[in-house]
There are 2 protein chains.
Amino acid sequence: MKVLVIEDEQQVSSFIKQGLEEQSFAVDVAFDGNIAERLALSRDYDVIVLDIVIPGINGFDLCRILKREKPSTPVIMLTTLGTTSDKLSGFDAGADDYLLKPFEFEELVARLKVLVRRRSATTDYGKVLRFEDLKLDLEKKVAHRYDKIIKLSAKEFTLLEFFLRNPQRVISRSELAEKIWDIKFETGTNVVEVYMNMLRNKIDRDFEPKLLQTRIGMGYVLSKDI
Amino acid sequence: MKVLVIEDEQQVSSFIKQGLEEQSFAVDVAFDGNIAERLALSRDYDVIVLDIVIPGINGFDLCRILKREKPSTPVIMLTTLGTTSDKLSGFDAGADDYLLKPFEFEELVARLKVLVRRRSATTDYGKVLRFEDLKLDLEKKVAHRYDKIIKLSAKEFTLLEFFLRNPQRVISRSELAEKIWDIKFETGTNVVEVYMNMLRNKIDRDFEPKLLQTRIGMGYVLSKDI
DNA sequence: ATGGGTTTTTGCGAGTTTTCAAAAACCTTA
DNA sequence: TAAGGTTTTTGAAAACTCGCAAAAACCCAT
């Protein structure tokens, strides 16, 4: 869960950052409006926490910009001003929620979660297969490992999907040849080996633990170790 | 815009009802939990205002029920209790916002509007589908990108609409052929490619980022990158 | 019927993916 | 540790997929 905190008061921002990280949010902090704008537009945050009073640009204006460029990223406004009219202009600028300083940290977290929950309810994640930290998104047709996006070719995808649907089971070359390549009888081919190699390069090469194991004389398994 | 107000204090409920009606909301009021439940489940409200302390059933429990039955109808909680932990249990029960009594009427209206706006941004309430800076006006039958108006032919329109209703999902040629052209079995045609090409010329050619991606061997996706 | 726009077909070049085949690396057992 | 069998890696050829332009067919309003 990625959060961008836009706040110039060191004390407040580090308080928030630390607290959110303990809740295992990934937090970026921006101290002024221009940096914030660049960050917000170049990356995809799940939610943005925005103080109204920041250097560089007015918080309301920044909010408007963010909402124009990324309407689906929720913004929660933060401020010391507290009259209703201030809240209203925050909402007018497109903010999704509003929090008055000083606030209780738990309330911030609760409101963040509501905003994120709301969004992910609509995005409605398609089917995803998992094994350890490896994920395969069947709709987007991409794999993830440690949040790194891994593109796969069609055959690689089919092969990996098969393994993810048969975790911990040793699968023989001939079964793979049959199920993935539709090779019904023994030809002299080594496609399976070649593709296992390509898959490993994408999925295991740069990561630990290795997930695709060889069982000599038997086949391959999707498994952590031995 | 239909609002259900669940509140047993006559004074408060009629204050809200009158105020909201002046803002041209259509307001129903329920004085106890059971009536509220029946009303809420039998009609479609745009937003529900729910007092925690009501006769008949606990407000938190009612909130949970409402959220289970109609998860997309936003609920805003109202209460005199004001500690953070109360707010948290409200959010846990699935509330989308929280307001402490006594509140300023303008703030209630502002928060209601935000909740409704948020929903209509996600539900295909209005007649506009969006993805990034691409918009498709279902009534005027035109697309926009960076405020440039793009005219589409009927087939192009249908095709783009399908993508906008399935963002981030890789869609195979055969699915497109079936859903858009009603081609049920494999003919040797390449209409899909040709139309993707035409769509791209209108929608992606002169803009960044490109939104229509090819996944060789799999299909096409409406997506920013990768 | 004519003409403008839309939809579909045709066909080929460009770029990727997939396969093949041979060499290198690796295991296992004697 | 040497030999034989397995597995991995590599590079290049073959097969395939996709993009694109242009032409043909179609549709509809005039």
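**Exercise 1. Is D182(A) buried or exposed in this predicted model?**

Solution. 
Step 1. Find the residue. D182(A) sits in the loop between α7 (173-181) and α8 of chain A.
Step 2. Look at the count. D182(A) has 7 other C-beta atoms within 10 Å.
Step 3. Apply the cut-off. A residue with 12 or fewer such atoms is exposed. D182(A) is therefore exposed.
Step 4. Check the backbone. Phi of D182(A) is near 65°, a positive value in a residue other than glycine.

**Exercise 2. Is K141(A) buried or exposed?**

Solution. 
Step 1. Locate K141(A). Its place is in the loop between β7 (134-137) and β8 (142-145) of chain A.
Step 2. For K141(A) the angle is near 60°, a positive value in a residue other than glycine.
Step 3. K141(A) has 21 other C-beta atoms within 10 Å. The threshold for buried is 20 or more. So K141(A) is buried.

**Exercise 3. Describe the surroundings of D96(A).**

Solution. 
Step 1. D96(A) belongs to the loop between α4 (84-92) and β5 (97-100) of chain A.
Step 2. Classify D96(A). There are 27 C-beta neighbours inside 10 Å, so D96(A) counts as buried.
Step 3. List the contacts, leaving out residues up to four places away in sequence. In chain A, D96(A) touches P74(A), V75(A), I76(A) and L115(A). In chain B, D96(A) touches V114(B) and R118(B).
Step 4. Compare sequence and space. D96(A) and I48(A) are 48 residues apart in sequence. Their C-alpha atoms are 9.9 Å apart in space.

**Exercise 4. Which residues touch the most other members of the largest nonpolar core?**

Solution. 
Step 1. Note the size. The largest nonpolar core has 67 residues.
Step 2. Name the residues. From chain A come I48(A), I76(A) and M77(A). From chain B come V3(B), I48(B), I76(B) and M77(B).
Step 3. Take one of them, I48(A). Skip residues up to four places away in sequence. I48(A) then touches L4(A), I6(A), A40(A), L66(A), T73(A) and V75(A).
Step 4. Look elsewhere. Another core, of 18 residues, lies apart from the largest one. Among its members are L136(B), M196(B), V221(B) and L222(B).
Step 5. In soluble globular proteins, nonpolar side chains tend to be buried together.

**Exercise 5. How do α6(B) and α8(B) pack?**

Solution. 
Step 1. Take the angle and distance. The helices pack at an angle of about 85°, with their axes 10 Å apart.
Step 2. Classify the angle. The range 65 to 115 degrees counts as roughly perpendicular. Therefore α6(B) and α8(B) are roughly perpendicular to each other.
Step 3. Name the partners. α6(B) brings K155(B), E156(B), L159(B) and L160(B) to the contact. α8(B) brings Y195(B), M198(B) and L199(B).
Step 4. Sort by class. The contact of α6(B) with α8(B) has five nonpolar, no polar and two charged residues.

**Exercise 6. Which residues come nearest to each DNA strand?**

Solution. 
Step 1. Start with DNA strand C.
Step 2. Find the helices. α6 (154-165) and α8 (191-203) of chain A each supply at least two residues of the surface near DNA strand C. So do α6 (154-165) and α8 (191-203) of chain B.
Step 3. Sort the residues near DNA strand C. They divide into 10 nonpolar, seven polar and four charged.
Step 4. Turn to DNA strand D. Of the 19 residues around DNA strand D, E193(A), N197(A), T214(A), I216(A) and T214(B) come nearest. The elements giving two or more residues to this surface are α8 of chain A and α8 of chain B.
Step 5. Sort again. The surface near DNA strand D has six nonpolar, eight polar and five charged residues.

Terms used:
Residues are numbered from 1 along each chain as its sequence is written. Chains are lettered from A and ligands numbered from 1 in the order in which they are written. This is a predicted model: local features need pLDDT of at least 70, side-chain atom pairs count only at pLDDT 80 or more; totals for chains, interfaces and linings use all residues. Helices (H or I, at least four residues) and strands (E, at least two) are DSSP runs, numbered from the N terminus. Ala, Val, Leu, Ile, Met, Phe, Trp, Tyr, Cys and Pro count as nonpolar, Asp, Glu, Lys and Arg as charged, and the others, Gly among them, as polar. A residue is near a molecule or strand if its C-beta atom, placed from the backbone, lies within 6 Å of it. Axes are lines fitted to C-alpha atoms, for helices over the stretch in contact, and angles run from 0 to 180 degrees between N-to-C directions. Angles under 35 degrees count as roughly parallel, over 145 as roughly antiparallel, 65 to 115 as roughly perpendicular and the rest as oblique. Two residues are in contact if their C-beta atoms, placed from the backbone, lie within 7 Å. A nonpolar core is a set of buried Ala, Val, Leu, Ile, Met, Phe, Trp, Tyr and Cys residues joined through C-beta atoms within 7 Å.
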